[in-house]
Amino acid sequence: MTDQSRPRVRFAPSPTGFLHVGGLRTALYNYLFARKTQGTFILRIEDTDRSRYVEGAVENLIATLAWSGLEFDEGPGKGGGSGPYIQSERLDIYRRHVDDLLAKKHAYHCFCTSDRLDEMRKQQEKMRIAPKYDRQCLRLPVGEVSGRLADGAQSVVRMRIPESATITIRDIIRGDVEFQSDRVDDQVLLKSDGYPTYHLANVVDDRLMGITHVIRGEEWLSSTPKHVLLYQFFGWDPPQFAHLPLLLNADRSKLSKRQGDVAVEDYRSAGYLPEGLVNFVALLGWNPGDEREIFSLAELVNEFSLERVGKAGAIFNVEKLKWVNQQHLRRLDAGVIVEKVKPILSRAGIAWGDDAYLRRVIGAMRDRLTSFDDFTSFALYFFSDPATYDEAAKKKNWSAESPAHLGALASKLEGDPDFSEGSLEGVVKAVAVEFTVSPGKIIHAVRLALSGMAIGPGLYELMTVLGRDTVLRRLRKASESLR
RNA sequence: GGCGCUAUCGUCUAACGGUUAGGACGUAGCCCUCUCAAGGCUGAAAUACGGGUUCGAUUCCCGUUAGCGCUACCA
């Protein structure tokens, strides 16, 4: 039994590849709306285009949604009272509804070949009129239609758009939007392969699954009049619509591949936190009405409302994503980070010793991280001796006297019993005094010897994390090889 | 081309007729400092344009321009 008073929403992706960040945002808003209103969030797979189907895409979609923390209530593998939730398993349902439309004369068979349709469109383009099916098959005598059908001729079913009607869409985000039916094409509802098109399947499923609010991307706004008409044909009340602004590339075109990463998967493997990505994406087109920007998923649920969703497209700005991710990273417990970093290190072929050591490395590095990827780029020296030394740093921080300084430091360190940040500072300063140079001179050379770089945590912290053996080994190695 | 949507700092956005047009990312400078971060302070930076309506327009209306979306037997 479904509770009629509670909203039901769905995320209805097409399994044609990886989950897109735009798709994630659409899924997120549906999820937030459902949770906020104590409604139901449904996942439905729209796989009616056999030619674009990608093997494993459904599993990937579900796994990525799970990683993102967007748990659905009904859907493939989860069950629910309105299944099946995969459109290719609902073909008979669509067939029945098409027959109903045919019987009511709201739809008709069309035998036109794609060659003829192409030719027709070319002519229309030449005459500079809107490309639209010319209804040749609508004028076919009934007998001829049934005859050709009986002969097994290839055909599709088109919806019959009424003439001179005004179709008004009530959109929660955009207000009322009007369309003239004369501009609307007689959309194909059932393809010649027996599969429905998006328009038919979407309307039928939304109705049968009790969807109350259709929250989807703005690219659907133009075809919504067709959907509204279908609801009328069937004698159904349409759901509420909310068309979300698009996510854009830096050049303001619709967010696409080729201009950077668009798959959620890409950000996942780049070491971003799901809560960081989700938080960032939530802010693309929605804001809480005050100046807070960092939210957990639960906090987003609490704050969300469709009324605060904007209308203009938003550019996906990776710089801001890094900052948002960093904010989440800093709120995480070090133990949690340890577990999240391990798989990333293993994948990069980096051995980290034991968990306690990794935890200390994270303690030293956490304020410097924007994503876990940073570990594999500028924290490698925690896991193996530097193979090379940064040239610019060498030029700036290494001098002819440095080997002598490091040598003196090394022998003093051998005799330092506690090797603590406090004692190390004393030892380094003592060396500086001994050679009458500034402590900075020693510090910078030591950092270079230990890390191969000029940046990183405070030197004494770095030394205690690395430990006496490693520090001594690297000091000697640098004294010999650096010149 | 047609139809539709949209328009505040470079970017994400706030201001639902009256504000020195606010915040955040980024950016510039300063402070802190052994470096890099983090943190603190300061600065530069926007209402696309033109008409209305109004005592008063970022805000309402119209037009222009620009961008985007749709215009498939793809979703």
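Trainee: Which residues come nearest to RNA strand B?
Mentor: S14, E46, K254, A312 and G458, out of 63 residues around RNA strand B. A residue counts as near if its C-beta atom, placed from the backbone, lies within 6 Å of the strand. This is a predicted model: local features need pLDDT of at least 70, side-chain atom pairs count only at pLDDT 80 or more, and totals for chains, interfaces and linings use all residues. Residues are numbered from 1 along each chain as its sequence is written, while chains are lettered from A and ligands numbered from 1 in the order in which they are written.

Trainee: Which element gives the most to that surface?
Mentor: α18, with four residues. The elements that each supply at least two include α4 (114–126), β6 (175–180) and α19 (459–466). Helices (H or I, at least four residues) and strands (E, at least two) are DSSP runs, numbered from the N terminus.

Trainee: New topic. How many helices and strands does chain A have?
Mentor: 20 helices and 11 strands. The radius of gyration of chain A, taken over C-alpha atoms, is 32 Å, well over the 23 Å from the globule rule for 483 residues, so chain A is more spread out than a compact globule. That rule is 2.2 Å times the number of residues to the power 0.38.

Trainee: What does the C-alpha trace span?
Mentor: About 105 × 50 × 35 Å along the principal axes of chain A.

Trainee: And what are the scores?
Mentor: ipTM is 0.96 and pTM 0.94. Mean pLDDT, the predictor's confidence in each residue from 0 to 100, is 94 for chain A.
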